[in-house]
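Subject: Structure for you to look at

Hello,

Please find the structure you are taking over below. Have a look at it first, then read the notes under it.

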Amino acid sequence: MSDKKKHRGRIQAQGDGLEASENWSQDEPLSAEDGLRLLEKLRSKIPEKEAKIREKEFEKAADLIRRAEENGGIDAKYSQTFKTKGTNHVRVDIEILGGRAFVTLLLIIFVLIWLLN
């Protein structure tokens with residue numbers, strides 16, 4: 001039996017020597033609220049200059065998370081790259097490696113109640 005949690009993924013900022021990420025691995029789907037929190041945590045932990053270069057990409061990633069929440073979340077094996085204009089390597093990535101992510105908190109509560117009954 002594997003110790004891997006069902007719902008897992010990462011949000012990354014990469015390129016020009018930068019490689020930083022925020023990961024999640026948990027039993028329940030990641031809420032959109034927690035996804036936005038991880039995105040902001042990533043933005044705040046990289047150097048300010050690097051965050052400024054990727055400002056539009058962070059905004060696009062946040063928009064993706066909000067849209068995903070409105071549509072019930074995103075399933076595993078999903079990857080989206082937001083590249084800085086004019087480059088192929090300076091970017092922000094979102095990867096859902098297992099389970100589901102960016103759901104509403106109400107869905108998580110419903111799943112937990114269903115599992116407990």
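Predicted model: local features only at pLDDT ≥ 70, side-chain atom pairs only at ≥ 80, totals over all residues.

Whole chain

The protein chain contains seven strands and four helices. Read from the N terminus, their order is β-β-β-α-α-α-β-β-β-β-α. The radius of gyration is 15 Å, close to the 13 Å that the globule rule gives for 117 residues, so the protein chain is as compact as a globular protein of that length. The C-alpha trace spans about 50 × 35 × 20 Å along its principal axes.

Of the 117 residues, 40% count as buried. Among contacts with a separation of 6 or more, 58% are between residues 24 or more positions apart.

Strand β1

Strand β1 covers residues 7-15, and seven of its nine residues are buried, so the rest of the structure largely encloses it.

Which strands does β1 pair with? One is β2 (residues 18-26), which is antiparallel to β1 and joined to it over nine bridges. Here Gln 14 has Glu 19 of β2 as its bridge partner. The two strands form a hairpin with two residues between them, and Asp 16 in the turn has a positive phi of about 55°.

Strand β6 (residues 91-98) also runs antiparallel to β1, with seven bridges joining them. In this pair, Arg 10 stands opposite Glu 95 of β6.

Regards

Conventions. Residues numbered from 1 in each chain as written. Heavy atoms only, no water. Rg over C-alpha atoms; globule rule 2.2 N^0.38 Å. Buried < 20%, exposed > 50% of the residue type's maximum accessible area, 1.4 Å probe, protein only. Contact = heavy atoms within 4.5 Å. Pairing = 2+ DSSP bridges.
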